[in-house]
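Please read it alongside the model.

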Amino acid sequence: MTIGSQEDLEQLKAVGQIVAQVLRDMGAALEPGMTTRELDELGRQGLEARGARSAPEITYGFPGATCISVNNEIAHGIPGERRIAAGDLVNIDVSAERNGFFADTGASFPVPPTTPAQRRLCQTTRKALDRAVGAVRAGAPLNRIGKTVEKVARQQGYTIVRNLQSHGVGGALHEEPGAIPSYYDPADRRRLHDGMVITIEPFLSTGAEWAEETGDGWTLATPKHYITAQYEHSLVVTRGGAIVLTVP
């Protein structure tokens, strides 16, 4: 999507605020003993109360309102009867549609007691996201996003899960540009343009570079001896930088 009016921007901001607030509330409610289905129900209630619909549910028929992935199950996890335990690393991804506009956000939440490895990984992944958002300008190479993420990851000794990438958003959950790598691809000649609506969502890991399907048709996982974190914003590209839509 490329925004064409102030009304487009206001609609995107509205749905961006909804997913950001729901993600914040789900993270605050997260505690040992609750099931991922119970956590997802909080997300569903939060979306519905704000007049929004789950984007993966209406777009792909996903069996849940939000994606909740635990430990090495790092993306597209199906909410169910799994009970969250102390020490787990839980990723929550919230995306929604309202009035025909879409926004997407996500974050990883270590469940206390946390480990130094979890905390350091999450801090670095948030830093990579923030630096990449700061690198966004209309006219800049699109691969500047991946170059920025990769630099932060390498400095701290982390790998990037290469087959989970950022994407266009706004008029649909996933649209052009269809894949925005979180690593530097010098062959990518695309450029960011004014009004473009995209996500940035780096997945940093203690060693994994690829996520595999687990067999349920949705969940993506890395080998169990790695830990992986993800943080995501939706944003609008402008000449002056990025307008982040998903900060509550």
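## Salt bridges

R82 is partly exposed at 35% relative accessibility (partly exposed lies between buried, under 20% relative accessible area, and exposed, over 50%; 1.4 Å probe, protein chains only). The side chain of R82 meets that of E73 in a salt bridge, 3.2 Å from N to O (a side-chain nitrogen of Lys or Arg within 4 Å of a carboxyl oxygen of Asp or Glu). E73 is partly exposed too, at 27%. The model is predicted: local features need pLDDT of at least 70, side-chain atom pairs pLDDT 80 or more, while totals for chains, interfaces and linings use all residues. Numbering runs from 1 along each chain as its sequence is written, and side-chain values use heavy atoms, without hydrogens and water.

The count is nine salt bridges. E97 and R53 form one of them, at 3.0 Å. E97 lies in strand 4 and R53 in strand 1, so the pair ties together parts 44 residues apart in sequence. Strands are DSSP E runs of at least two residues, helices H or I runs of at least four, numbered from the N terminus. E97 is buried at 10%; R53 is partly exposed at 45%. R24, D25 and R50 are linked in a network.

An open sheet of three strands has the order 3-12-11, paired antiparallel (pairing needs at least two DSSP bridges). Strands 3 and 11 stand at the edges, each with a single partner strand, so one side of each lacks a neighbour in the sheet. Two bridges join strand 3 to strand 12. A75 has L220 as its bridge partner.
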